[in-house]
Amino acid sequence: MSTLYDVIVVGAGPGGSSAATFLAREGAKVLVLDKSTFPRDKVCGDGLTPQAVYWLERLGCAEAVLAHTKGCIKTADVVINGEKVLTGGYPADTLYPDFAILLDRRRLDNILLEHAIACGAAFQDEVLVRDVEVGAEHATVIAQRGGEPVEYRGRIVIGADGVSSAVSRAIGNTLKAGVMAVSLRAYFRDARCDGAQMKVYFHREYFPGYGWVFVDDEGFANIGLGLLQDRRFPVRHKLGASFRRFIDEDLADLLAGATQCGPFSGGSSGFFRPKSISAERVMLIGDAANQADPLNGGGIHKAMESAWCAAEACGAALADGDFSAAAMRRYADLWSREWEADWRTAELFMSIAKNPALCDFSLFVLRQMGRLTMSDDGFRDFAGGIFAGIFSQDAWLAPRALYQAFPKRPAAWLELLQASGREVGGGVAAGSVNLAAGYMAAAARTAARMARDPIANMDWSLDMASKAVWLAQNRLDGRRLAGAGPP
Ligand SMILES: Cc1cc2nc3c(=O)[nH]c(=O)nc-3n(C[C@H](O)[C@H](O)[C@H](O)COP(=O)(O)OP(=O)(O)OC[C@H]3O[C@@H](n4cnc5c(N)ncnc54)[C@H](O)[C@@H]3O)c2cc1C
């Protein structure tokens, strides 16, 4: 009879290794399984957000990761349709550090896995998990190793096996049943980087989606482009052609003299709620539960946060000897209490951006907001903190938080009008007219485009309304008003 583990973690990415560390530290008998041989690559921007740095600290890995990074980033440039509209930083005086770091996933994930092993977790590589069967005494993980069938027994199974999760399928979820982001990434050596080492690009040629450039201190750049799609609005642009255009046109200066290292690699993320993230003896974390931030795509810290929530629920279930669906739901409830309103607010904004009819309007608004943040530090910190997910993303829907953050100095608005005036070679008066005309033109184009595809847009409007109602209801219930922070 094979060993009976307290918890089997499927997947040794940041979510799986974090869960294994939290559990093993508390004395649980943990086995981590992964289909790959480590160290292995994972297509990613390699950006560790301030929240990820915070969770690395809690895991006890921050020093090891910081020792390897060659990129510590405090500011980011945002470029819209070729124009740099803002340079923002991470807000200071929060629970999180005011910087992000860069580390390739080959090294990051290996550090996290080795740490989990050092904390007492067992690990087997090259195990391809196919299914999970739940019985009265334990769950059986059905897998293949070296082409041979193999089974493992655990009281609880945590599915941390990423966006194509076999464990998620095993509990009845349908993969790719909602909004997905499809991405391409490439590495370049000797990139020239003026300004911030982190740059985000929006352009009507590849919207909804964005391009990124993260450059370390030695000019090594992680460059990528992601596009959003769902059944209502399939990707209009060809990902490969958009990426080529992004590199050849938007990044022509930055990459002049740079050398590409390795091929383009593709990846995907899910930005929709699976039917369930827990079931009897089973929990899903990280990308297996589609928990990445819909606003910025960052999912490493989300995987770590959900690992912490899952480890808490596992600890309680093991202590009580209760592995029922209700006991596992403690995890889903804990996650939901801490992060659901934020996730859903971010997802609402993503849903607005994802409608191609709103492309011009969204970019127009983003550009004006960017200009406002340039002349108002408070608003810049608020908008930057929200985009980075450091401030509660549902603060956008909190009238008081919005009122406090919104620029109130007349000078800030004057500068916005002046910037708009410069576009047409005039002053403040011309700027006011230009701004009003710009809004009206963008709104008219939106209405015309929506009318061209009425069924999809009707469906989209109903979807948006139901999301807005959920958020309003949540707010009325007073479950969570503001101030994201880890438990
Ligand atoms: C192009 C792109 C860029 C991104 N950039 C960033 C970024 O800069 N910053 C950020 O925070 N987030 C980023 N993300 C998101 C981030 O990569 C994920 O959210 C994060 O990796 C989720 O971690 P995870 O542990 O849940 O899953 P993963 O990291 O995907 O790990 C899953 C593990 O499970 C294993 N596995 C899968 N299936 C099986 C199976 N059947 N049997 C056994 N093992 C299996 C895999 O080998 C893998 O090791 C990006 C995502 C993409 C696609």
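Trainee: Which helix does Ser-420 lie in?
Mentor: Ser-420 is in helix H12, residues 410-423. Keep in mind that this is a predicted model.
Trainee: Is Ser-420 buried or exposed?
Mentor: Buried. Its relative accessible area is 1%, and the cut-off for buried is under 20%.
Trainee: What does Ser-420 touch?
Mentor: Leaving out residues up to four places away in sequence, Ser-420 touches Arg-371, Gly-431, Asn-434 and Leu-435.
Trainee: New topic. How is the protein chain divided?
Mentor: Into domain 1 (4-73 + 95-176 + 274-340), domain 2 (180-270) and domain 3 (356-481).
Trainee: How many residues of domain 1 and domain 2 are in contact?
Mentor: 19 residues of domain 1 contact 19 residues of domain 2. The centres of domain 1 and domain 2, taken over C-alpha atoms, are 27 Å apart.
Trainee: Now the ligand. How many residues surround the ligand?
Mentor: 37 residues do. The closest are Asp-34, Arg-40, Gly-45, Arg-105 and Asp-287.
Trainee: Which domains does the shell around the ligand draw from?
Mentor: Domain 1 and domain 2 each give at least three residues to the shell.
Trainee: And which helices and strands supply at least two residues of the shell?
Mentor: Helix H1 (14-25) and helix H7 (300-320) each do. So do strand E9 (127-134), strand E14 (209-215) and strand E16 (259-270).
Trainee: How do the shell residues divide into nonpolar, polar and charged?
Mentor: 14 are nonpolar, 15 are polar and eight are charged.
Trainee: What lies 2.8 Å from an oxygen atom of the ligand?
Mentor: A polar side-chain atom of Arg-105. Asp-287 also has a polar side-chain atom by a ligand oxygen, at 2.7 Å. Then there is Gly-47, with a polar backbone atom 2.8 Å from a ligand nitrogen.
Trainee: How much of the ligand does the protein bury?
Mentor: Taken alone, the ligand exposes 1,000 Å², and the protein buries 93% of that.
Trainee: Last one. Where does Ala-139 lie?
Mentor: In strand E10, residues 139-145.
Trainee: Why does Ala-139 count as buried?
Mentor: Because its relative accessibility is 0%, and buried means under 20%.
Trainee: What does Ala-139 touch?
Mentor: Skipping residues up to four places away in sequence, its contacts include Val-132, Tyr-152, Val-157 and Arg-281.
Trainee: How far apart are Ala-139 and His-237?
Mentor: Ala-139 and His-237 are 98 residues apart in sequence. In space they are 44 Å apart, C-alpha to C-alpha.

Note on methods: Residues are numbered from 1 along each chain as its sequence is written. This is a predicted model: local features need pLDDT of at least 70, side-chain atom pairs count only at pLDDT 80 or more; totals for chains, interfaces and linings use all residues. Side-chain values use heavy atoms; hydrogens and water are left out. A residue is near a molecule or strand if one of its heavy atoms lies within 4 Å of it. A polar contact is a pair of N or O atoms within 3.5 Å; within protein, one must be able to donate a hydrogen and the other to accept it, and residues adjacent in sequence count only if both atoms are side-chain atoms. Accessible areas come from the Shrake-Rupley method with a 1.4 Å probe; for residues, only the protein chains shown count as cover. Helices (H or I, at least four residues) and strands (E, at least two) are DSSP runs, numbered from the N terminus. Ala, Val, Leu, Ile, Met, Phe, Trp, Tyr, Cys and Pro count as nonpolar, Asp, Glu, Lys and Arg as charged, and the others, Gly among them, as polar. Domain bounds come from an automatic or database domain assignment. Buried means under 20% relative accessible area, exposed over 50%, partly exposed in between (1.4 Å probe, protein chains only). Contact means heavy atoms within 4.5 Å.
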